[in-house]
Amino acid sequence: MTQLQTSPYTFAELQGLVIDWAAPKQITIESQYLKIIEEVGELAKAINEKNEPEIIDGFGDVAVTLIIANQIVEKKKIAVPTQRTKKATNLYIKGILFGISIADFHEAYAELYSLAKHLGYDLNDCLWAAYNVIKDRKGKTVNGNFIKEYDYVKPDHYKNETGYDVIDL
């Protein structure tokens, strides 16, 4: 198993850090729903491929997106999750998607937490790893969607032999 750094923060403290990072970005719930679905898909792919670094990244990224969505909708933190016991990974994924579909991000987070435990990961440590990636990230918000600096492309979509040109923000 890939060595994962233990978080020096509690779940509540990490939530606060993520919320503080996201607040000035003025992310909308509409764009955040799409981001959650994108990240859940990436997590599912990583699990199917048994790609440990991407599984860790995926758990952390889904956790970040759920925390931000919950803050947008409820203006409060997610309660400390409890573990549920299920027999198959796909049942946890289904639970995450169900929680998202009814805008119950507490439910979705509890399912994510349980899936991480089921697969042998500590979600708090995965969240810490994800926060360490995003904390210094630069970019801008366009129509409520935060775009990472290196993902931002020129409006004319000029493409060269290496892909889209990246511009400074």
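**Basis.** I worked from a predicted model in which local features need pLDDT of at least 70 and side-chain atom pairs count only at pLDDT 80 or more, whereas totals for chains, interfaces and linings use all residues. I number residues from 1 along each chain as its sequence is written, and side-chain values use heavy atoms, with hydrogens and water left out.

**Fold.** I looked up the secondary structure, taking helices (H or I, at least four residues) and strands (E, at least two) as DSSP runs numbered from the N terminus. I find six helices and four strands, in the sequence order α-α-α-α-α-α-β-β-β-β. I then turned to contacts (heavy atoms within 4.5 Å): among those between residues at least 6 apart in sequence, 70% join residues at least 24 apart.

**Surface.** I took accessible areas from the Shrake-Rupley method with a 1.4 Å probe, where for residues only the protein chains shown count as cover. The accessible surface comes to about 9400 Å², and carbon and sulfur atoms hold 52% of it. Of the 169 residues, 41% count as buried (buried is under 20% relative accessible area, exposed over 50%, partly exposed in between; 1.4 Å probe, protein chains only).

**Largest pocket.** I searched for pockets on a 1 Å grid over the protein atoms alone; a pocket is an open set of points where a 1.4 Å probe fits, with protein on both sides within 12 Å along at least five of seven lines, and lining residues have an atom within 4 Å of a point. The largest has a volume of about 320 Å³, the volume being the space filled by probe spheres set on the points, which are joined across faces, edges and corners. I count 19 lining residues, with Trp21, Lys35, Glu39, Ile134 and Arg137 nearest the centre. Helices H2 (29-49), H3 (52-74) and H6 (123-134) and strand E2 (145-148) each give two or more residues to this lining; H3 gives the most, with five.

I paired rings of Phe, Tyr and Trp (its six-membered ring) with centres within 6.5 Å; planes under 30 degrees apart are stacked, over 60 edge-to-face, the rest tilted. The count is six aromatic pairs. Tyr9 and Trp128 form a tilted pair, 5.2 Å centre to centre with 55 degrees between the planes. This pair joins the segment before helix H1 (11-22) to helix H6, across 119 residues. Tyr9 is partly exposed at 34% relative accessible area, whereas Trp128 is buried at 10%. Trp128 also stacks with Tyr131, at 6.4 Å and 25 degrees. I note that Trp128 and Tyr131 lie three residues apart in H6, about one turn of the helix, and that both are buried.
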